[in-house]
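These are my working notes on a set of look-ups in the structure shown below. I kept each entry brief and grouped the entries by site.

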Amino acid sequence: MRGKGAELQVKLRIQRFDPAVGDRRLVPYDVEVPEWATLLDVLDIVKDTVDGSLSFRKSCRMMICGSCGMRMDGRAILACRERMKPIVNAGHVPTISPMGNMPIIKDLVVDMGPFWQKIRQMKPWLDPGLAESPEKENLHSQAAMEPIQKEALCVMCGCCVSECNSMESDPEFLGPAALAKGFRLVGDPRDAKGIERLEGYSGEHGIWDCTRCYFCNERCPKGVDPRDAIAKLGAEAIGQGIDRDPGARHANWFVHSAKTTGWLRETELVPKTQGLVETIKQTKFALSLARRGKVPTPFPPHVAKDVNESRSLYDIVKKQGRSGAAGIVQGEKALRKLEH
Amino acid sequence: MSKVHDVLVIGAGCAGMRAAIAAFDQGADVALVSKIHPVRSHSGAAEGGINAALGNASEDDPEQHAFDTVKGSDWLGDQDAIEVLCTDAAADVYELEHWGAVFSRDESGRIAQRPFGAAGAPRTAYAADITGHVLIHVLYEQVMKRGIFTYEEYFAWRLVVEEGRCVGVICWDLLNGGVQAISSKTVILATGGAGRLYVGTTNAYSCTGDGMAMALQVGVALKDMEMMQFHPTTLSPTGVLITEGCRGEGAYLLNSESERFLKDYAPKAMELASRDVISRAEQTEIDQGRGIDGDVLLDLRHLGGDRIRERLHGTRELSMVFAGVDPIDDPIPVRPGAHYHMGGVDTDLWGLTSVEGLYAAGEAACVSAHGANRLGGNALMETITYGRRSGKAASDAARELPAAEVSEAARADAGVQIKALLDRSDGERPHGIRDELAQTMHENFGVFRQEEQMLEQGRIIERLRERYQRVVVDDKGSTFNNDLTQALELEFLIDLAACMIPAGVGRTESRGAHARPYDYPDRDDENFMRHTMVTKQDGELKLDWAPVRVTKWPPGERTY
Ligand SMILES: Cc1cc2nc3c(=O)[nH]c(=O)nc-3n(C[C@H](O)[C@H](O)[C@H](O)COP(=O)(O)OP(=O)(O)OC[C@H]3O[C@@H](n4cnc5c(N)ncnc54)[C@H](O)[C@@H]3O)c2cc1C
Ligand code: SF4
Ligand code: SF4
Ligand code: FES
């Protein structure tokens with residue numbers, strides 16, 4: 001009685017984990033579901049009709065509460081966002097497992113404690129530095145609020161953290177979600193603690209430890225693009241002369257690039273101008289270097305396919321006369337304009 | 001963490017977190033209890049906005065806001081409660097902005113405000129189409145800032161009332177298993193709505209009305225429970241909300257004959273008529289055979305791909321993911337879905353219930369600011385204003401009250417009951433009962449009600465309750481056993497559905513969401529400027545009436 005519509009026969013494998021016995025296994029299921037079912041609906045039907053002990057989190061079923069992060073075929077997703085029909089029609093039998101980089105509690109439920117610990121580490125509340133609040137609202141133009149719009153979309157689902165390359169080797173790395181939250185505050189014109197925040201994020205396990213694998217951008221279901229937030233933090237930190245951290249000092253190329261082009265470093269544009277696959281290939285190569293040499297990912301300086309494109313982009317941004325994070329936001333917009 | 005507090009807030013949506021912040025700022029030892037992480041609460045799903053007479057977009061004042069709300073409520077709202085809401089609203093919204101809420105801005109840099117249904121001025125402050133999301137996160141930031149302790153993934157199950165005073169709550173610890181008692185001098189229920197009573201609903205899985213059902217068990221009256229608002233554009237079949245913004249952009253509503261049927265119901269306002277009018281028009285079309293598989297169509301195609309992509313991006317994504325329909329190419333199947341419960345736990349203007357130490361706020365409560373019909377944007381405002389007030393009142397009261405302690409006997413008793421449920425291995429899985437309840441509520445207690453159908457629904461509910469006595473929980477483990485808590489939620493839903501029957505049958509008139517076109521089509525102010533009050537006494541439901549509190553506005557006609 002889950003509504004009308006034709007039925008769909010779904011086969012899938014779910015990684016089960018029972019903490020009482022410590023046993024982890026892949027269990028196949030085969031259920032009939034309505035044709036409009038999402039992965040979350042399928043899990044519900046399995047729980048209702050096959051095995052009530054299957055555990056997973058859910059609430060809104062409309063991609064806004066961030067409860068249902070998990071992996072499908074090794075990629076972090078929101079279960080309520082994945083329509084099953086195309087998968088079934090392609091004859092595919094997906095494997096469902098819990099998110100990565102977080103301890104498993106049971107089945108698809110992970111311990112988000114460390115995730116929230118990092119969020120708290122960011123002191124993620126506005127600090128206006130005022131003795132008294134204004135009588136009415138703070139006055140800020142929509143344009144001034146623009147730089148943090150994407151970060152404000154974050155639903156704290158953990159999909160980015162699940163896939164974070166750097167987190168895998170350094171569990172203490174602040175990670176994409178927390179750093180995106182960091183930029184949400186640094187970029188807020190109402191916050192007075194920008195410099196302290198940037199100093200805090202520039203230390204060990206901070207912004208310079210990101211390997212720029214871009215998995216967080218790719219997997220974020222809400223378009224937050226945490227890696228871009230980290231780039232904005234980096235640009236702001238350098239703009240403020242915060243480069244005391246050894247990581248930042250090693251990043252000479254970065255400083256150099258930032259100095260010569262303002263915020264505009266082609267490295268940041270690689271994924272957008274060359275497509276994701278290419279980026280990941282390069283990242284893998286860069287990563288192996290980074291791991292051996294302990295330096296930030298050394299993207300080749302002029303990889304943009306179409307140099308003219310990035311030049312004209314640079315011109316657009318320059319005309320706007322913005323620098324730092326606001327410049328990146330402008331740059332993104334300009335890029336969208338060029339792409340269309 | 002000692003499990004003894006001054007103020008314990010059950011529920012960590014906008015109402016609960018705002019209450020906890022207020023109590024903390026009054027110096028109370030306060031903790032939150034939530035069955036899901038606070039930011040997962042369904043307040044986060046609110047899209048449209050929050051109403052306050054800031055006067056940023058045009059002349060406006062609290063009095064006008066109050067009148068619109070009284071009229072919107074079809075004169076069932078308590079006017080003193082509405083005046084409090086509308087008077088406090090502006091300062092409460094400014095405070096959210098000071099805390100960092102990312103509101104959309106107007107040209108002069110103030111909070112932008114847009115027009116919303118049945119409001120005399122553009123007074124809905126908003127953050128793009130993610131207002132609730134922005135508010136829930138800013139409140140959680142403030143909770144983190146204060147270090148307010150949260151019993152996360154704790155399922156509250158039974159209020160403990162000893163010698164007429166609420167002294168705490170008994171919970172099931174989802175993460176680790178086990179029945180836990182938390183003692184507190186005062187308790188605030190902020191557990192949200194109960195949309196899951198219906199098969200098509202905009203509400204999350206977690207909206208099972210737990211707080212209302214818990215209050216009912218300890219003898220508190222549930223007020224106006226028949227008043228469930230239906231939203232006219234919920235995606236078929238799951239009920240996911242399609243924003244009013246579509247109609248604002250110019251979308252058409254069509255029946256199976258491709259007619260814009262609103263011409264027969266609201267020829268002037270057409271698709272921009274108020275929610276209840278459109279819901280009733282849709283249901284009439286569907287009932288008279290001009291629906292398509294129980295739906296009507298929301299047609300955006302004439303707006304063109306560019307405009308849809310640009311202005312209604314979120315709607316397009318929802319429609320593609322949940323109905324497999326790209327609104328650029330095909331109309332979206334929609335139907336009326338259960339959206340908001342105007343009814344709830346009866347409270348005074350400070351959230352206090354009839355039990356000492358027990359408060360309620362937000363959608364779980366009924367103060368009543370919405371009467372028979374809530375205006376869009378007023379629910380979020382109520383969570384903030386009345387959340388704050390209940391937090392303050394509860395902490396003030398706690399200062400005067402002696403220490404509270406849940407007796408071991410009460411905890412042990414709850415433990416025995418849960419164990420009995422867990423030990424049962426022979427019987428029925430809950431989903432059949434749950435789905436039948438939700439389906440029949442839709443059929444018999446939906447947009448339109450009539451006596452015979454409501455009574456029949458009452459009998460169905462009793463049969464479902466009998467079946468529930470033999471319900472089986474598959475999961476026998478202690479870690480993250482939400483198979484158990486979902487079964488407990490089902491019992492709450494059955495209790496609430498049962499309360500709606502006497503209230504609905506007793507109100508022999510049509511007012512706001514309670515539409516009885518076939519037996520009592522008119523509003524009857526002489527007899528029904530009264531709230532239904534359902535209590536449970538010795539296991540039996542009892543219906544009483546309480547007068548509407550009128551301050552300034554005598555009943556008038558509700559036409560737009
Ligand atoms: C899709 C949608 C859109 C909406 N849009 C708007 C809008 O634009 N403007 C507007 O004004 N209103 C809107 N509303 C209505 C409004 O969002 C809600 O009425 C309001 O957010 C409810 O807030 P709350 O704090 O009372 O409850 P919720 O946010 O639902 O929070 C309930 C809390 O209680 C907890 N809880 C519940 N039961 C238990 C238990 N047994 N034990 C422990 N914890 C428990 C939950 O974990 C949760 O933390 C919308 C509603 C929906 C569904
Ligand atoms: S780009 Fe950086 S933050 Fe994002 S996933 Fe890769 S390493 Fe982590
Ligand atoms: S940044 Fe994206 S993936 Fe990461 S927690 Fe936020 S919404 Fe989820
Ligand atoms: S259930 Fe809320 S995001 Fe999937």
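**Entry 1. Shell of ligand 1.** I first asked which element contributes the largest share of the shell around ligand 1. It is helix 10 of chain B, with four residues. I noted that this is a predicted model. The shell numbers 45 residues, and the closest are B:Gly11, B:Gly13, B:Gly48, B:Gly192 and B:Gly362. Besides helix 10 (378–400), I found at least two residues each from helix 1 (14–25), strand 2 (30–34), helix 4 and strand 7 (154–162) of chain B. Sorted by class, the shell around ligand 1 holds 19 nonpolar, 22 polar and four charged residues.

**Entry 2. Shell of ligand 2.** I then turned to ligand 2, which has 15 residues around it. The closest of these are A:Cys164, A:Ser166, A:Cys210, A:Cys213 and A:Cys216. Helix 6 (165–169), helix 9 (215–219) and helix 10 (226–239) of chain A are the elements that give two or more residues to this shell. Helix 10 of chain A gives the most, namely three residues. I recorded nine nonpolar, three polar and three charged residues in the shell around ligand 2.

**Entry 3. Confidence.** I looked up the scores of the model and read ipTM 0.96 and pTM 0.91. For chain B the mean pLDDT is 96, with 100% of the residues at 70 or more.

**Entry 4. Domains of chain A.** The assignment divides chain A into domain 1 (7–109) and domain 2 (112–339). Their contact takes 15 residues from domain 1 of chain A and 16 residues from domain 2 of chain A. On the domain 1 side, strand 3 (69–72) and strand 4 (75–78) of chain A each supply at least two residues. Strand 4 of chain A has the largest share, four residues. By class, I noted eight nonpolar, four polar and three charged residues on the side of domain 1 of chain A that touches domain 2 of chain A.

**Entry 5. Domains of chain B.** For chain B I found domain 1 (4–227 + 342–406), domain 2 (232–335) and domain 3 (425–523). The centres of domain 2 and domain 3 of chain B, taken over C-alpha atoms, are 28 Å apart. The contact between these two takes four residues from domain 2 of chain B and five residues from domain 3 of chain B. The domain 2 side consists of no nonpolar, two polar and two charged residues.

**Entry 6. A sheet in chain B.** I traced an open, antiparallel sheet of four strands in chain B, in the order 11-14-13-12. Why is one side of strand 11 and of strand 12 left without a neighbour? Strand 11 (228–235) and strand 12 (252–254) of chain B stand at the edges and each has a single partner strand, so one side of each has no neighbour in the sheet. The twist from one strand to the next averages 45 degrees. Strand 11 and strand 14 (residues 332–341) of chain B pair in the antiparallel sense over six bridges, and B:Gln229 stands opposite B:Tyr340 in strand 14 of chain B. I also saw that helix 7 (residues 275–287) of chain B lies across strand 11, strand 13 (296–299) and strand 14 of chain B. Helix 7 of chain B runs at about 65 degrees to strand 11 of chain B.

**Entry 7. Backbone exceptions.** Most residues other than glycine have a negative phi, and most peptide bonds are trans. The peptide bond from B:Ser236 to B:Pro237 is cis, with omega near 0 degrees. B:Pro237 lies in the loop between strand 11 and helix 6 (245–249) of chain B. B:Val367 and B:Ser368 are also joined by a cis peptide bond, with omega about -10 degrees. B:Ser368 is found in the loop between strand 17 (365–366) and helix 10 of chain B. B:Trp75 has a positive phi, near 60 degrees, and is found in the loop between helix 2 (62–72) and helix 3 of chain B.

Technical notes. Residues numbered from 1 in each chain as written. Chains lettered and ligands numbered in written order. Predicted model: local features only at pLDDT ≥ 70, side-chain atom pairs only at ≥ 80, totals over all residues. Domains from an automatic or database assignment. Contact = placed C-beta atoms within 7 Å. Nonpolar A, V, L, I, M, F, W, Y, C, P; charged D, E, K, R; others polar. Near = placed C-beta within 6 Å. Pairing = 2+ DSSP bridges. Axes fitted to C-alpha atoms, helices over the stretch in contact; angles between N-to-C directions. pLDDT = per-residue confidence, 0-100.
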